[in-house]
Amino acid sequence: MKMRKQIVAGNWKMNNNLSQTEALIDALKSKSQASNAEVMVAPTFTNLYHASQALHGTTIEVIAQNMHFAENGAYTGEVSASMLKSIGVKTVILGHSERREYFNETDDLLAKKVDAALANDLRVIFCFGEELADRKSGNQDAIVEAQLKNALFHLEGEAFKNIVLAYEPVWAIGTGETATPEQAQDMHAFIRKTLAGTYGDDVANDMTILYGGSVKPANAQEIFSKPDVDGGLIGGAALKADDFFAIVNAF
Ligand code: PGA
């Protein structure tokens, strides 16, 4: 078993109304069993409170998909870190490629969101990853390094205790195309080396680095078996309790 904290998190994205959320939670509760990994699910904002109540006292943590950087104020349609905290949410996903692509989230904006989350004692699952063109031109390492440095490397090393990294190559998200286990391993090792270069070996070796992008029951075990892959951020396959737990049990 790996020494680092292992996590399997389901990102439900903009799926499931209230009754569908209830049904999925019931199915998850009936299938939940002891696991080597921390298990998390991220419903939409409207279902967060209900989900956090319904899963209270279980081993499944309810986390948020996004938040605003401001504490409160005139930001119509947005939700703050302290609002998440007030309903028992302790972890937030930031920087998902869909937020970057469709909602113009930049590294600078994400740096502010990360700061706000950490200031409110929320744990951050920070997503990043290259696009297909970057991979084709061999620029993936430079892109990933820049994403990490621009959004996170203003932090003190101590802050990384509350950060989980999620490498999600954009070309593998929702496409059915997965990075090969070797591509994932190579990038995760590069990420760890990049962290070590600035923050030292302890921070790098303790960092949980998730892989995301078309993880399925059929490929989870091989991906998770790689030494620098500490779990997964799961989209489509997290919407079915059987598939999600097949992935959790791949550890
Ligand atoms: P996917 O999504 O598993 O459907 O590819 C992963 C993600 O967006 O986190």
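In the predicted model, an oxygen atom of the ligand lies 2.6 Å from an N or O atom in the side chain of His96. A polar backbone atom of Ser214 is 2.7 Å from a ligand oxygen atom, and a backbone N or O atom of Gly236 is found 2.8 Å from an oxygen atom of the ligand. The ligand taken alone exposes 280 Å², of which the protein buries 96%.

The shell around the ligand comprises four nonpolar, six polar and two charged residues. Besides His96, Ser214 and Gly236, the residues around the ligand include Lys13, Glu168, Ala172, Ile173 and Gly174. Gly213, Leu233, Ile234 and Gly235 are also among the residues of this shell.

Helix H7 was examined for its length and for the placement of its buried residues. The helix covers residues 140–152, and its 13 residues should span 18 Å at 1.5 Å a residue. The C-alpha atoms at the ends of H7 are 18 Å apart, in agreement with that expectation. The buried residues of H7 are Gln140, Val144, Gln147, Leu148, Ala151 and Leu152. Viewed down the axis of H7, these buried residues fall within an arc of 95°, and they therefore line one face of the helix. In general, an α-helix has 3.6 residues a turn, so residues three or four places apart point the same way.

Thr91 has a relative accessibility of 0% and so counts as buried. Its side chain makes a polar contact of 2.6 Å with the side chain of Glu61.

Backbone phi angles were considered next. Most residues other than glycine have a negative phi. Asn16, which is not a glycine, has a positive phi near 80°. Asn16 is located in the loop between strand S1 (7–11) and helix H1 (18–31). With a relative accessibility of 22%, Asn16 counts as partly exposed, because the class of buried residues is limited to values under 20%. Asp121 likewise is not a glycine and has a positive phi, of about 60°. The loop that holds Asp121 runs between helix H5 (107–119) and strand S5 (123–128). Asp121 has a relative accessible area of 61% and is therefore exposed, the cut-off for this class being over 50%.

Definitions and conventions
Residues numbered from 1 in each chain as written. Predicted model: local features only at pLDDT ≥ 70, side-chain atom pairs only at ≥ 80, totals over all residues. Heavy atoms only, no water. Near = heavy atom within 4 Å. Polar contact = N/O pair within 3.5 Å; in protein donor to acceptor, adjacent residues only side chain to side chain. Areas by Shrake-Rupley, 256 points an atom, 1.4 Å probe, with all protein chains shown as cover. Nonpolar A, V, L, I, M, F, W, Y, C, P; charged D, E, K, R; others polar. Helix = DSSP H or I, 4+ residues; strand = E, 2+ residues; numbered from the N terminus. Expected span 1.5 Å × (residues − 1). Buried < 20%, exposed > 50% of the residue type's maximum accessible area, 1.4 Å probe, protein only. Arc of directions from axis to C-beta.
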